[in-house]
There are 2 protein chains.
Amino acid sequence: MALTIGVDIGGTKVAAGVVDEEGEILARLRRDTPVEPSGAAVDVIVALVRELAGRYDVEAVGLGAPGFVDAGRSTVLFTPNLPWRDEPLRETVEKRCGLPAVVENDANAAAWGEAGFGAGRGERFVVLITIGTGIGGGLVLDGVLYRGRFGVAAEIGHLNVIPGGRLCGCGNKGCWEQYASGRALVREAQELARRSPEEARRLLELGGGWPEGITGPIVTEAAKAGDPAALRCFEVLAQWLGHGMADLAAILDPGLFVLGGGVSEAGEILRAPAAAEYEERLTGHGRRPLAEVRLAELGPEAGIVGAADLARLR
Amino acid sequence: MALTIGVDIGGTKVAAGVVDEEGEILARLRRDTPVEPSGAAVDVIVALVRELAGRYDVEAVGLGAPGFVDAGRSTVLFTPNLPWRDEPLRETVEKRCGLPAVVENDANAAAWGEAGFGAGRGERFVVLITIGTGIGGGLVLDGVLYRGRFGVAAEIGHLNVIPGGRLCGCGNKGCWEQYASGRALVREAQELARRSPEEARRLLELGGGWPEGITGPIVTEAAKAGDPAALRCFEVLAQWLGHGMADLAAILDPGLFVLGGGVSEAGEILRAPAAAEYEERLTGHGRRPLAEVRLAELGPEAGIVGAADLARLR
């Protein structure tokens with residue numbers, strides 16, 4: 001059975017794995033991502049690939065990079081968290097590792113993994129929404145990973161949901177990820193704790209007594225334990241999530257939404273109200289079939305699995 | 001050379017044409033669309049097809065219908081302007097005309113026509129925005145007409161641009177077409193005439209002296225003649241247009257936007273400020289290639305040409 005390596009290059013960690021044709025990860029490696037100097041992150045990637053290639057007979061490498069990747073799937077045009085500008089990642093890895101490589105946007109790679117081996121199995125029109133600190137996304141349209149004309153499609157976190165709204169890291173105001181991400185969840189909880197400390201008592205306790213101590217995992221933990229304030233924060237998040245999903249469905253008419261990323265670990269607490277809001281807001285609701293809404297299954301490994309499979313299909 | 005018939009079924013008119021492989025229309029017919037009873041519109045379509053098929057040797061019929069069409073391109077699920085619900089249009093036309101037929105959403109058919117034979121020639125990733133009374137749209141992604149999982153993709157006029165904004169015919173509030181359509185242009189001009197009759201003097205003159213007399217063609221005519229008030233109305237429209245285009249580009253990363261529909265007859269008065277606003281609002285602006293923005297070339301005949309070509313490719 002042909003094996004490939006998938007590499008998920010994050011802003012803080014590089015994770016690599018040897019993956020088989022069924023999407024099973026046979027071996028894993030993980031290192032911190034060195035941000036400086038510019039070549040250090042590439043050195044780590046090359047070292048991980050070489051180490052895995054020394055232990056397994058692999059045929060190619062797929063690299064998921066956190067930024068804009070060119071349409072030729074070779075060059076990282078820009079990435080906000082690493083000092084890469086027009087970085088020829090494919091060429092470098094191919095030369096230094098002696099293996100064919102493809103480069104893909106990390107969210108696209110994760111979407112491909114979830115669509116093929118996780119929650120999207122059997123569905124040809126899948127929108128993956130990765131809800132972490134921000135919102136990432138990937139589109140599988142008619143069974144194919146959709147990359148757009150220039151390779152930078154599916155920047156769904158930057159849909160505008162409120163003109164002139166909250167300032168986003170992208171420079172615009174009112175982007176979706178300012179309202180429906182992990183950071184937005186924490187902001188909501190912290191604001192509630194400042195405004196109504198009594199109502200947010202449980203959240204404050206878990207946060208060490210002060211609003212700034214409340215984190216995403218704390219809100220999730222409290223919500224799972226039934227804390228009404230934490231559940232209210234998830235409801236606000238889910239409403240914004242459903243709002244953006246309705247926009248995506250108006251354009252793309254998918255068969256399935258998959259909710260992934262750290263925030264989706266809240267499970268039904270997030271999924272059910274987001275699906276309800278999506279259905280209510282969808283244009284033409286009641287006169288058209290509805291997409292399903294599922295939780296992701298592969299967790300943080302979707303990126304490795306997807307990148308490895310894209311290398312196989314290169 | 002193989003000929004096909006394209007039919008563009010509008011809420012007020014049915015237009016049909018015999019079209020060759022180059023997208024040239026060899027013959028045209030046009031009738032009013034009878035709204036009642038339910039079968040009358042189908043009778044008109046059948047009569048037009050039979051008449052054209054009697055004069056030319058045609059091999060198939062493409063039907064562009066104003067509503068949701070099923071993924072099998074056979075049935076009109078729902079249309080707001082005709083009393084069709086789950087109307088088996090393909091089967092009826094095939095039986096009564098003795099020709100193979102395909103049914104497509106009218107905006108999709110027009111997009112296919114413009115992409116293949118009009119402003120989109122040579123480009124594989126095209127978003128067509130039809131700015132008429134409302135906003136329609138069609139997507140050609142990687143050279144293929146994109147229909148979505150259930151056949152109802154590209155309802156781009158119903159992107160939400162302002163939560164809780166103006167009520168839309170679809171039942172939602174704040175849809176894009178409430179801000180960037182011909183109706184929005186007229187609303188803007190009429191409001192200006194009420195608020196500042198002096199400023200809108202020229203528009204009022206053209207409208208017969210009262211705000212309600214100001215129509216879309218009047219605003220276009222005044223803007224083309226350089227009237228500052230009319231130009232201001234177009235600027236507002238173009239800003240909203242660019243706003244939605246930035247959203248579409250964040251998701252789809254097209255190579256080209258084509259602006260069509262009656263309002264696009266304003267030409268550069270609409271195109272230039274819309275393109276500027278789109279560029280400014282695009283997420284990642286300056287770090288990614290930009291889609292071009294062009295005006296449609298085929299005018300109202302795009303639907304006939306596109307439907308006929310879809311019949312050829314059936």
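# Briefing on a predicted two-chain model

Of the 314 residues of chain A, 59% count as buried. This is a predicted model, and chain A contains nine helices and 13 strands. The radius of gyration of chain A is 20 Å, close to the 20 Å given by the globule rule for 314 residues, so chain A is as compact as a globular protein of that length. Along the principal axes, the C-alpha atoms of chain A fill a box of roughly 60 × 50 × 35 Å, and among contacts in chain A with a separation of 6 or more, 64% are accounted for by residues 24 or more positions apart.

**The sheet around β9 of chain A**

- Five strands of chain A form an open sheet in the order β11-β10-β9-β12-β13, with mixed pairing; its edge strands are β11 (144-145) and β13 (292-295), each of which pairs on one side only.
- Strand β9 (residues 126-131) of chain A has six of its six residues buried, so this strand is largely enclosed by the rest of the structure.
- In a regular strand, side chains alternate between the two faces of the sheet. In β9(A), V126(A), L128(A) and T130(A) point one way while V127(A), I129(A) and I131(A) point the other way, and all are buried.
- On one side, β9(A) pairs with strand β10 (residues 135-141) of chain A in the antiparallel sense over six bridges, and a hairpin of three residues joins β9(A) to β10(A).
- With strand β12 (residues 256-260) of chain A, β9(A) pairs in the parallel sense over five bridges.
- V126(A) takes part in both pairings, standing opposite V140(A) in β10(A) and opposite L256(A) in β12(A), while the bridge partner of V127(A) in β12(A) is F257(A).

**Helix α7 of chain A**

- The 25 residues of helix α7 (residues 228-252) of chain A should span 36 Å at 1.5 Å a residue, and the end C-alpha atoms are 35 Å apart, which agrees with that expectation.
- Helix α7(A) is mostly covered, with 19 of its 25 residues buried.
- Just after α7(A), D253(A) takes a positive phi of about 45°.

**The nonpolar core**

- In soluble globular proteins, nonpolar side chains tend to be buried together. The largest nonpolar core here has 234 residues, and of these L203(A) and L203(B) touch the most other members.
- When its neighbours within four places in sequence are left aside, L203(A) is in contact with A189(A), A193(A), I214(A), I218(A), V219(A), A222(A), D227(A), A229(A) and A230(A). Of these partners, A229(A) and A230(A) belong to helix α7 (residues 228-252) of chain A.

**The two copies and their contact**

- Chain B is superposed on chain A by a rotation of 180° with 0.0 Å of shift along its axis, at an RMSD of 0.0 Å. The two copies are thus related as by a two-fold rotation axis, and the same surface serves both copies, since 100% of the contact residues of chain B recur in chain A.
- The contact takes 38 residues from chain B and 39 residues from chain A.
- On the side of chain B that touches chain A, the elements giving two or more residues are β6 (76-78) and α7 (228-252) of chain B; the largest share of that side, seven residues, comes from α7(B).

Terms used:
Residues numbered from 1 in each chain as written. Chains lettered and ligands numbered in written order. Predicted model: local features only at pLDDT ≥ 70, side-chain atom pairs only at ≥ 80, totals over all residues. Least-squares fit on C-alpha atoms with pLDDT ≥ 70 in both. Contact = placed C-beta atoms within 7 Å. Buried ≥ 20, exposed ≤ 12 C-beta atoms within 10 Å, placed from the backbone. Helix = DSSP H or I, 4+ residues; strand = E, 2+ residues; numbered from the N terminus. Pairing = 2+ DSSP bridges. Expected span 1.5 Å × (residues − 1). Core = buried A, V, L, I, M, F, W, Y, C linked by C-beta atoms within 7 Å. Rg over C-alpha atoms; globule rule 2.2 N^0.38 Å.
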